Amino acid sequence: MNQQLSAAPQPTSSAPAATGDSPSAVLAVPPAPPAEAAALLRAALARHTDVSDVAADLATGTPGFTLVDSRSTAAWDQGHVPGAVHLPTASVPALARRLLDPARPVVTYCWGPGCDGATRAALALAEQGFRVKEMLGGFEYWVREGFPYDTADGPRTSVPDPLTAPLRAADDCGC
């Protein structure tokens, strides 16, 4: 198997040839053809959104989706996105149809990138017939990007982390 890994990849029309004695780690598996890549990326965007897009849509007052916080009550009390519906993952089977409109898309979130609670909640909702997306970055990135949040003690806002968001509201990250 090591011999296969050390062999230089063959150049294709979609990947430049590696230079030097060692092959490119990035191009050891060539990029997918453009049409295949577009289909995969479109499918990823059909399942995911990010905190900036959620914040922008919530700011309109009529976002067209329901935002669901899938964390525990203790986590919810510690902080949550204003306007979100609290529906812990374990409660989805029993409460989703009572709390959510099945005709309205749902966006789930949990703690952050290291937590798969939003994925598990989205799966449980999809299995009940809901159209779902996950908010990448979860509550962690909501706070890190400086968006306001509610706690059991009242509303809060954090200073944006310069590694995750523009420092001035007028600036756009360009993505």
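Helices here are DSSP runs of H or I with at least four residues, and strands are runs of E with at least two, both numbered from the N terminus. Helix α3 is followed by Gly61, whose phi is positive, near 85 degrees. Keep in mind that this is a predicted model: local features need pLDDT of at least 70, side-chain atom pairs count only at pLDDT 80 or more, and totals for chains, interfaces and linings use all residues. Residues are numbered from 1 along each chain as its sequence is written, and side-chain values use heavy atoms, leaving out hydrogens and water.

**Helix α3**
- Val51, Val54 and Ala55 are buried in α3 (residues 51-59); buried means under 20% relative accessible area, exposed over 50% and partly exposed in between, with a 1.4 Å probe and protein chains only.
- These residues sit on the same side of α3 because they cover an arc of only 100 degrees around the axis, taken from the directions from the helix axis to the C-beta atoms.
- The buried residues of α3 pack against β1 (48-50), β2 (66-69), β4 (106-109), β5 (132-136) and α7 (138-144), where contact means heavy atoms within 4.5 Å.
- Where α3 starts, the backbone nitrogen of Ser52 has a side-chain oxygen of Asp50 within 3.2 Å.

**Cysteines**
- You'll find 0 disulfides in the structure; a disulfide is a pair of cysteine sulfur atoms within 2.5 Å.
- The cysteine sulfur closest to that of Cys110 belongs to Cys115, and at 3.3 Å it's too far for a bond.
- Cys110 counts as buried, at 3% relative accessibility, while Cys115 counts as partly exposed, at 28%.

Terms used. Polar contact = N/O pair within 3.5 Å; in protein donor to acceptor, adjacent residues only side chain to side chain.
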